[in-house]
Amino acid sequence: MANHFPRWTNTLPLQIVAALGFLAVGVATAVTYYFTPKYTRVGYQPEQPIPYDHQLHVNQLGMDCRYCHSFVEDTGHANVPTSQTCWNCHQNVKTDSPLLEPLRRSIDTTYEDYDGEPIRWVKVHATPDYAYFNHSAHVNRGVSCVSCHGQVNEMEVVWHHESQSMQWCLDCHKNPEEHLRPLDHITNLDWKASDENRIDFHKYIASKTNEEQANELVPVGGDMATKELTQDEIGQALKVAWHIMPPSSLNCAGCHR
Amino acid sequence: MRSHGEMQDTPEFRDWLEKEFPAGAAEMRDEEDQELTRRSFMRFMGASTALAGFGVAACRRPEKHIRAYSRGVEWAIPGKPLLYATAMPRGGGAMPMIVVTHDGRPTHLEGNPHHPDRIRGIDAIGSASILELYDPDRTGDYANKGEKVSKEEFENGFAAWSEKLGAGDGLAFLVGQSTSPTRARLLKELSAKYPASKTYAYEPLSDRNLVAGTEACFGKGSRQVFNFEKADVILSIGCDFGGLDSMADNANAMFTKRRGVDPEKNPLMNRLYVVEHEFTMTGGMADHRLPLAASKQFGFAVLLAEALGADTGGASANAEELGIDLGWVKACANDLKEQAGRALVLGGTRLDPAAHIIVAAINNKLNSFGNTIGITTVEEDLAGGIAELCSAIDAGEVKSLLITTLADPVYDAPADLNFEEKLAKVETSIYASMRNKAQTASQATWYIPGTHYLESWGDVRTSEGTYSIVQPMILPLCGGVSENELFLRLLGEEAEEGETTPERVAVYKTFEKVAAEAGADDVPAAWADALRDGFLPKSEYKLSAGNYAPAKVTPPAGPDGIEVVFTPDSKVWDGRYINNSWLQEAPDPISKVVWDNAVLVSQKTLKKLGLKEKELAVHDSTRLLRVTVGAVSRVFPLLPAPGQANDSVSISVGYGQVDPGRVGSGFDGSGTGFNVNPMRQKGTEFIATGAKLELIEEPVELREGDKPVDRYPIALTQEHNSMENRALVRDGDYKEAKYETTKRKKYLAKHPGEEPPASSFDQRGMDSHIPPNIPIYRGQDFKKLHEQGHQQWGMTVDLNVCNGCNACLVACQSENNIPVVGKEQVMIGREMHWVRMDRYFAPRHEDDGHGHWKNVDKDLENPQFLPQPVSCTHCEAAPCETVCPVNATVHNEEGLNVMAYNRCIGTRYCANNCPFKARRFNFFDYNKRPLDQLYKGPLSDPSQTGMRESLQLQKNPNVTVRMRGVMEKCTYCVQRITEARIRRKQIARDSSEGLKIPDGGLRVACQSACAADAIQFGDIYDPKSRVSKMKADVRHYELLKYIGTRSRTTYLARIKNPNPKMPSYEAYIGKVSSGIH
């Protein structure tokens, strides 16, 4: 009987299997990388109706985050400012800028296109509806804005800095000490652990716990007195001093209810 | 003992019990019924998979927007609820409440714990009234003769009409019952402006008979104010004061306050005697209960008056003819006499004024006036009730009629008045009410949409007289005009600048006077305080003992064969709540019927009528009964009713309305319940005697145009989720409780800090002889976690004060976004309530001489009634957690059994493994799909799909709205715990205060709804918390303790305080659970 199939077809099944194998690995890799929040969210930088420049307002003008996000310490939502808040300054500053037209439309009753409608800011960070994140529970307990939002003070246009996936949340909930800082530096996005004075910090910890525990957590004896503080030291000390117990990975109800 | 079915122990019932979910709950229904068959399902799946290929482009992040206010709103903080104090006007009183608003929309109502009348909680109707606000059937359309007209057209018509009024010749007002001082003032001003006008009042379920009796003895305008706290012995003659007869707004709170059993704190537990024709919530609380036909209750009052030597006004009664045990009457009379000055006798609102005169004579003899009853006078200038109005119309005296009552007189006025015809005779009739679907709305010349009490300014007094301001939470959702606003318009008042109505100014004007009377110096400050607190202090009625004068008694018609009693409905009241789905699905506390009414008949009577023994157990369909009163004959589904008097049947009013809206018509237009109003005539509005009963054998047309049937499908929540005979509700008598309490106190004094030995209440049923069960699954070390700072939450339910009123059930529904499922789904056991209100009937048992209790009341003629709310008990060793394949239900460090909805894949293993059957499964998208199209799935009418916009407004934003295929259950209001915990963190930031939530700093929804304070919630490892004190009580026990799941929610046994001198029955009172082994 003649050969109906050429010789090369002998290896075809093997080739197909190998190709499928590569394809499967490729797809799996692509999915695990591209379909995760790390890829889909980080870098998201939508265009806003008013190109509000955080870098300008925070770094150059020195405004605090809480001037606009005023209720962040009181409630779950870090509110976006009302048009009134913007208007406090902008009724006098840059009044003619065409960029501020949406603001004037919303608040300036003398403006010809005034309609009083709120500005349609585009949401950058969105938690899913089944996760109940609470800002006040974090900023009152030593977690800075920068931990979740990145250095917004350096962003001309805000972008999604962290993945904000559940895994990412839990990483911090398991090791909160990596992100804790003194309460007066919550909105200081440039703060570094080494900025903190060891002696003062020691005193603070001692006031919240006791001398013995403070010595153990923030040693000041001998050479230590002049040594720079590390994030680990500060975090560990604050964790003990403030009884930080974030809902653990066992406690689904911490965020889902 | 739980129900007829259980008592019969039929094979069907066993089968029913053994199924995990009652018949069909977990199964597909017939293919025939099925709109979406398996085959078409495959077709759809194929199509949608193919389409998915085109959908990739849609994978991009959807753009979401944040729209902050342009101008900030005072007090508004995004994400924080704002609380306001207000009150719900309720007939003869008010329900003070706290309104929770999120972003300007009211979402939840709670009792006002600071109210001086100590009303404490909120009842089911109060809680559910928020849903009325968001009723999707409200349109805000004006109508002329039932035809929709524009607002302008109406305004023109109204202006033309009001100009012609002149001095008010032929003008009549028909108003509802109200204690609003502003309304009283406006009515007075109206009669000054229109001196020839007349005012009539109408409520289908009013207390006019009681008022007539009181006025006969104390003079015009007198009212009785009852003080349940002062009463040591209470006798209720047909009065459901703890349930549907509102005798006092704080009746439940004050009555239960005196049910404490600690002899040191409450040396005299009160005692309650109840004489009633059917089981009521009050009857369930009774220490001694006597079933007696309502038409015989006048005779009972006379006999009691005779026994006490009180004035009977010439009336007499024959105990033998009435079938009343004179021994019962005498023993009761002696008890009352011994406690004279601290006794209270009440007559039901449905009794004839003559009965109220006799009751007043008894109370006078018992020295109750000035002690347990205060007398006050109110100003009221009424030309009469609806009967007087009808005669005036007949006499041609009424040309214009303005109806502002919330009742629907065309539907619910006594049938022989023929109000519909009368209304047609009136030249111009105007119906101004929130009920746009009422029949009066389509019959009147003009219909004016009304406003909800959460949308308008007003004021009201509670039954004790404390003044509350009713303040609007939101602008009227569909426009509309409130009663006060309408009156103000007639008076020619205009809204001040910046306000939409003149109501606020009018209320303020009344307030100035009331505040001056209450002794407030600074009126604006008092106004601000009253708005904040929800009441004006020291504004209660000035009470006196009154000047009692014996009145002449005209005895009412006596008993005549079988009587029919028309009772208020626990769900729809007089019919005004028929379109309220929460109430429709809240099971009747006694019969457990939802979405319907039925005729309640005693088992003995039914057997006499020829009902077979096995038909007494009603599962999903029931036989029909023709009830004939005079010339009117109607067919109703029947329900065997334990404890019903044998010669009395009762039917609740309010059902069977024509096109009452989507909910009221059962979603598919078939209607809910049956109309009794054609049987109610003038004089027999509440009790009709000489009725004939006939079992239906041949199919009859139940509702017009329906297929003839001989049975009716009825939805009861009763038979579902049965826990069988396991000493679930425990009880005892006062003697036992006192003995155990004293014993434990002695033990603890001798051995401080030690665990005392178990009390007799803790060792009932299986727990009396099964060694402690040690679970293999140990769970966490909660003691250690508590030391680390995790508070350990737990709950107790005091069954001694719980009367099964459903307040917790509805409050939970409101707080936790629980959907309703409709009658059909309830019938297959799929109701979603997180709190299940169980109730048990225990027939009388007697000692057979060998130490065994023997059932001597096989027909359940006078059983004991034991309600029990059950929700997830948060077992420390939870069986549900071990079987979840995806860890969707786990334990947290605070001892909560938590549910992660977004993780749940719907295997329902957890519900299988739950010994308390406390888990609820979303078999459908109840929130999203129209309830009559559940089985159509995605094929359902797209215009109906999705949650109604107005209902979305009610949802609590802090709780996930669950979707199809997800298991849910009580979460201990974890959103409230989390909020409270975060609040502590905020406080701790700048102060030295700890992170622990203080006891009482957190109240869960059911707890704050409970008027009886039966529910306690708190940290069980904190020995000072109220919940741990309750757990240390001798009456404390754990449900199904022997299976070793270590419940966090536990119960306290019910205690009865029987009178040892009563002639019968005391041997078994409070001994229901002691006979279970």
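Let's start at Gly396(B), which sits just after helix α14(B) and takes a positive phi of about 75 degrees. A quick word on names: helices (H or I, at least four residues) and strands (E, at least two) are DSSP runs, numbered from the N terminus. And please keep in mind that this is a predicted model, where local features need pLDDT of at least 70, side-chain atom pairs count only at pLDDT 80 or more, and totals for chains, interfaces and linings use all residues. Residues are numbered from 1 along each chain as its sequence is written, and chains are lettered from A and ligands numbered from 1 in the order in which they are written.

Now, α14(B) itself, residues 386-394. Its buried residues are Ile386(B), Leu389(B), Cys390(B) and Ile393(B). Buried here is 20 or more other C-beta atoms within 10 Å of a residue's own, exposed is 12 or fewer, and partly exposed is in between, with C-beta atoms placed from the backbone. Contact, by the way, is C-beta atoms, placed from the backbone, within 7 Å.

Staying in chain B, let's look at a sheet. Four strands form an open sheet in the order β12-β11-β10-β13, with parallel pairing; strands pair if DSSP finds at least two bridges between them. At the edges are β12 (288-291) and β13 (343-347), each pairing on one side only. Strand β10 (233-237) is joined to β13(B) by five bridges, and one of the partners to look at is Gly347(B), which is bridged to Ile237(B). Lying across β10 and β13 of chain B is helix α13 (353-365), running at about 175 degrees to β13(B). For that angle, axes are lines fitted to C-alpha atoms, for helices over the stretch in contact, and angles run from 0 to 180 degrees between N-to-C directions.

Last stop, the two chains together. Here 36 residues of chain B are in contact with 41 residues of chain A. On the chain B side, α30(B) gives the most, with seven residues. There is strand pairing too: β1 (121-122) of chain A and β1(B) pair in the antiparallel sense over two bridges, and Trp121(A) stands opposite Ile66(B). Thanks, everyone!

Terms used:
Two residues are in contact if their C-beta atoms, placed from the backbone, lie within 7 Å.
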